[in-house]
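Here are my notes on this model. Please read them beside the coordinates.

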Amino acid sequence: MTDTRTAIVTGAARGIGAGTAQRLAADGMKVAVLDLDEGSCAGTVDAITEAGGTALAVGADVSDPASVDAAVERVVAELGAPTVLVNNAGIIRDNLLFKMTVDDWDSVMAVHLRGAFNTTKAVQQHMTEAKWGRIVNLSSISALGNRGQANYSAAKAGLQGFTKTLAIELGKYGVTANAIAPGFIQTDMTAATAERMKIPFDDFIKWNAEQIPVARVGQPEDIAHTVSFLVSEGAGFVSGQVIYVAGGPKA
Ligand code: NAP
């Protein structure tokens, strides 16, 4: 690698995004830690800088194209043109179909699908100019179908199609696009699911671990490790793939 790469990780204030931002910084990249509220990015940015890395907190709503364009411009000015993008920002609005509102549907689509579209559209120009780029989209095992997640599973399956199309369109510019489909990862998102189901989080973790072949739930570092591989220099022939990181064929 000649120059230090600049990466943008969305939804990086906590959970998988925070773990991924820290890992990419440890790998030697300058990292834009992007989340809805700039102030909430401080913990991730501090962890990176305390470890000797370079990071920038950026507040943006990925579902809003103007907000994304302004954020990317700031990253270009303060860290350099981004050539690594991890579309990780996500929300859940779970409910059985008959109780799911149009707002539940639209808000999940807006963050996961329109969000990934907005950020990728804003960043791709820097990748194609550099004739090098790496895009990683966070899908989910829920893409295979999951009770109470008609909106989320549709969005996560949609991201897989989006990823494969990016791989086809951008490959000739040295840009790869891949998706990671995590199983159960211990974060605030799964804690919120446990709360909604009125199950103590520790019990929920234990029950889920029993369903997973490697007999444990995942941690943000498990996903960060896979992102690190997919955005590495040597992974240039891996594109359009969906990697299930779930402790088994699927969790
Ligand atoms: P998390 O702990 O809930 O973190 C998600 C982050 O995304 C939060 O910091 C959130 O900000 C941010 N975000 C939400 N809407 C946003 C928007 N419009 N613009 C910018 N940032 C936004 O979730 P996680 O568990 O780390 O999950 C990360 C990704 O992995 C998600 O795409 C999720 O669907 C996927 N995933 C997770 C699991 C799992 O088991 N945890 C499994 C499969 C896939 P606020 O805090 O301000 O809302």
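The points below cover provenance, sheet, helices and cores.

1. This is a predicted model: local features need pLDDT of at least 70, side-chain atom pairs count only at pLDDT 80 or more, and totals for chains, interfaces and linings use all residues. Residues are numbered from 1 along each chain as its sequence is written, and side-chain values use heavy atoms, without hydrogens or water.

2. The open sheet has 7 strands, ordered 3-2-1-4-5-6-7, with parallel pairing. Strands are DSSP runs of E, at least two residues; helices are runs of H or I, at least four. Two strands pair if DSSP finds at least two bridges between them. Strand 3 and strand 7 (242-245) each have a single partner strand, so one side of each lacks a neighbour in the sheet.

3. Strand 2 and strand 3 run parallel and are joined by 6 bridges. Lys30 has Thr54 of strand 3 as its bridge partner.

4. Helix 1 (residues 15-26) packs on the sheet and touches strand 1 (6-10), strand 2, strand 4 (82-87) and strand 5 (133-138). Contact means heavy atoms within 4.5 Å. Helix 5 also packs on the sheet, touching strand 5, strand 6 and strand 7.

5. The largest nonpolar core has 30 residues; Ile8, Leu34, Val58 and Ile135 have the most contacts inside it. Helix 4 gives the most to this core, 6 residues. A core joins buried Ala, Val, Leu, Ile, Met, Phe, Trp, Tyr and Cys residues through side-chain atoms within 4.5 Å; buried means under 20% relative accessible area (1.4 Å probe, protein chains only).

Terms used
Buried < 20%, exposed > 50% of the residue type's maximum accessible area, 1.4 Å probe, protein only. Axes fitted to C-alpha atoms, helices over the stretch in contact; angles between N-to-C directions.
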